[in-house]
Amino acid sequence: MTGHTEARRMLLPDDEDWLAQLLGMEEPLLMQLALNTRAAAAGEQDVWEMPAGLDGTAAHDAFGRLYQALPAPLRHTAANTGRSVPDRDRPAGTYTLRAPDGRYEYTPLYPADVDAGDIAVLAAALAHFRTALQGTDGTELADFLQQMADEWSEPGRHREPDDGTRLVDSFARGLAVLQLPRQHDTEQLLDAVAAAAPGSETVPEQIVLTETQNDAYQRFMTRVSAAVTDGRHDYALHRYATS
């Protein structure tokens, strides 16, 4: 675990776009960083020179703990993004979130207890990535990022040369949802979906928001959408269930 465990209850969306970005944080960046760190520790010669403060193994371990802290429905969505999954195959704890009149099915929200220290470790790794892209860290991290971008670009599709910026930007958006400030509407929604919180013995099949909670939902999901899209768009569809 991290040196100063501080579990923090967060509100996380069952949103395919965000969960795809979250998974993308691990592979290739964190997974390859961890491999490089272990190779360097073993005395191997063919390794990338990284900043002294960037521990790839610690960052990868932090991501692993964070991912395991996600409720089962979110891990299920992350593993099945873009696939049609029968309701019978959905994990226990899955529920439907609806607007006050029951007409609209919203993207469900789940409380999760996440270690703030793990988020800090990933934020520190992102800071190293940003510095490397600026060309000011004096190591081979920038070359590493560019090679990862080249190797993991979509095959057969023409793309402009990428120095790793798009890869790092996606990493940042995956992290941004975990860093959303806790506001009053967050508290209202945590109360609204408390039955889906960790440790709940029975999760209802459906949760219907009140008018006040619905207003809080719209504000919260506006912030989620801005984080997922880096503020470039406010996609209304982030608010509605996709399956």
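The legends below describe close-up views of a predicted model, beginning with the whole chain and moving to its sheets, helix contacts and one arginine.

The model is predicted, so local features need pLDDT of at least 70 and side-chain atom pairs count only at pLDDT 80 or more, whereas totals for chains, interfaces and linings use all residues. Residues are numbered from 1 along each chain as its sequence is written, and side-chain values use heavy atoms, with hydrogens and water left out.

**View 1. Overall content of the protein chain.**
The protein chain has 8 helices and 5 strands, where helices (H or I, at least four residues) and strands (E, at least two) are DSSP runs numbered from the N terminus. Along the sequence these elements follow the pattern β-α-α-α-β-β-β-α-α-α-α-β-α. Of the 243 residues in the protein chain, 42% are buried, a class that means under 20% relative accessible area, with exposed set at over 50% and partly exposed in between (1.4 Å probe, protein chains only). Among contacts with a separation of 6 or more, 74% join residues 24 or more positions apart, contact being defined as heavy atoms within 4.5 Å.

**View 2. The open sheet of β3, β2 and β5.**
This open sheet of 3 strands has the order β3-β2-β5 and mixed pairing, two strands being paired if DSSP finds at least two bridges between them. Strands β3 (105-106) and β5 (206-208) stand at the edges with a single partner strand each, so one side of each is left without a neighbour in the sheet. Strand β2 (residues 96-98) runs parallel to β5 and is joined to it by 3 bridges, with arginine 98 standing opposite valine 208 in β5.

**View 3. The pairing of β1 with β4.**
Strand β1 (residues 7-13) and β4 run antiparallel and are joined by 7 bridges, and alanine 7 stands opposite aspartate 115 in β4. Strand β4 (residues 109-115) is mostly covered, since 6 of its 7 residues are buried.

**View 4. The crossing of helices α2 and α4.**
The axes of helix α2 (residues 56-69) and helix α4 (residues 116-133) come within 9 Å and cross at roughly 135°; axes are lines fitted to C-alpha atoms, for helices over the stretch in contact, and angles run from 0 to 180 degrees between N-to-C directions. The two helices are therefore oblique to each other, given that angles under 35 degrees count as roughly parallel, over 145 as roughly antiparallel, 65 to 115 as roughly perpendicular and the rest as oblique. Residues of α2 including Ala58, Ala62, Phe63 and Leu66 meet residues of α4 including Ile119, Val121, Leu122 and Ala125. By class, this contact of α2 with α4 has 9 nonpolar, no polar and 2 charged residues, where Ala, Val, Leu, Ile, Met, Phe, Trp, Tyr, Cys and Pro count as nonpolar, Asp, Glu, Lys and Arg as charged, and the others, Gly among them, as polar.

**View 5. The packing of helices α4 and α6.**
Helix α4 packs with helix α6 (residues 165-176) at an angle of about 155°, with their axes 10 Å apart, which makes α4 roughly antiparallel to α6. The contact is made by residues of α4 including Leu126, Phe129 and Leu133 and by residues of α6 including Val168, Phe171 and Leu175. By class, the contact of α4 with α6 has 10 nonpolar, 1 polar and 2 charged residues.

**View 6. The surroundings of arginine 75.**
Arginine 75 lies in helix α3 (residues 72-79) and counts as partly exposed at 25% relative accessibility. Not counting residues up to four places away in sequence, arginine 75 touches Tyr67, Gln68 and Leu70. Arginine 75 and leucine 19 are 56 residues apart in sequence and 8.3 Å apart in space, C-alpha to C-alpha.
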